[in-house]
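Hello,

Here is the structure for you to look at. My notes on it follow below.

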Amino acid sequence: MKKIFGAKKNKDPPPSIQDATDRINKRGESVDDKIKRLDEDLARYKDQIRNTRPGPSQDAIKARAIRLLKHKRMYEEQRNMLYNQTYNLDQVAFAAYGLKDAHQTMNAMKAANKELKGMMKTVKIEDIDNMQDEMTDLMDVSNEIQESLGRSYNIPDDVDEEELMGELDALEADMEFESSAVPSYLQPEKESDFDAELNLPAAPTAPAAVPVSRQQVDELGLPAVPRASIRS
């Protein structure tokens with residue numbers, strides 16, 4: 001059957017935007033090379049026209065230069081057309097990439113939405129509230145256990161604070177009575193009594209200065225010497 005009808009030929013995949021852009025860029029590079037060679041030839045013809053005298057030879061050089069200028073303009077128009085095509089392909093590529101990104105973003109959001117829905121089915125608000133209530137009850141029980149373990153066995157629970165304050169006042173009164181009943185030689189001595197027992201002399205003080213007007217002077221106007229010092 002294949003020999004009669006022939007086998008189907010595998011079709012080549014259509015070119016992508018990137019392939020078309022690369023092909024156009026290569027054509028543009030070849031056109032740029034041609035324009036560059038034409039510019040070099042035109043510069044050479046320009047020098048020849050400047051160096052030759054007017055006449056048939058100069059006219060021939062000008063004719064060749066004009067022909068090269070026409071080719072250059074044609075290549076420049078092709079290059080501009082290729083640039084426009086490249087610009088259009090770039091716009092299409094940007095739009096295609098934007099759509100692909102949007103499609104991927106939408107698929108990711110759908111997958112996340114589906115996953116969240118599945119997770120929300122396993123989590124219920126009622127279960128969370130019940131767990132919070134159980135935790136509160138457990139904390140209360142733990143506090144009661146700690147209070148029970150920290151309670152002293154010797155102190156009764158029904159102690160009146162006023163009664164304790166009365167006992168405290170009575171204790172203070174007993175302490176004052178005991179301190180008054182202690183003998184004097186057992187009581188702490190004051191600092192002044194301690195100094196008196198040691199019989200320490202008082203600290204010397206500087207004698208008061210006698211005014212010059214009250215001092216006795218001799219016939220020369222000098223201070224008189226006491227008689228006791230003269231006898232000694």
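**Helices 2 and 3**

The cover over the buried residues of helix 3 includes helix 2. The model is predicted, so to speak of local features a pLDDT of at least 70 is needed and side-chain atom pairs count only at pLDDT 80 or more, while totals for chains, interfaces and linings use all residues. Numbering runs from 1 along each chain as its sequence is written, and side-chain values use heavy atoms, with hydrogens and water left out.

Helices here are DSSP runs (H or I, at least four residues), numbered from the N terminus. Helix 3 has 67 residues and spans 99 Å from its first C-alpha to its last, close to the 99 Å expected at 1.5 Å a residue. The expected span is 1.5 Å times one less than the number of residues. Helix 2, residues 17-51, has 35 residues and reaches 51 Å between its first and last C-alpha, close to the expected 51 Å.

Buried means under 20% relative accessible area, exposed over 50%, and partly exposed in between, with a 1.4 Å probe and protein chains only. The buried residues of helix 3 include Ile61, Ala65, Leu68, Lys72 and Tyr75. Among those of helix 2 are Val31, Ile35, Leu38 and Leu42. The cover over the buried residues of helix 2 includes helix 3 (56-122). As a reminder, an α-helix has 3.6 residues a turn, so residues three or four places apart point the same way.

Which residues does Lys72 touch, leaving aside its neighbours within four places in sequence? They are Ile35, Leu38, Asp39 and Leu42, where contact means heavy atoms within 4.5 Å. Lys72 lies in helix 3 and counts as buried because its relative accessibility is 19%. Its side chain makes a polar contact with the side chain of Asp39 at 2.7 Å. A polar contact is a pair of N or O atoms within 3.5 Å; within protein, one must be able to donate a hydrogen and the other to accept it, and residues adjacent in sequence count only if both atoms are side-chain atoms.

Arg73 is also in helix 3, but Arg73 is exposed, because its relative accessible area is 63%.

**Helix 4**

Leu138 sits in helix 4, residues 125-149. Leu138 counts as exposed because its relative accessible area is 54%.

Regards

How values were computed
Helix = DSSP H or I, 4+ residues; strand = E, 2+ residues; numbered from the N terminus.
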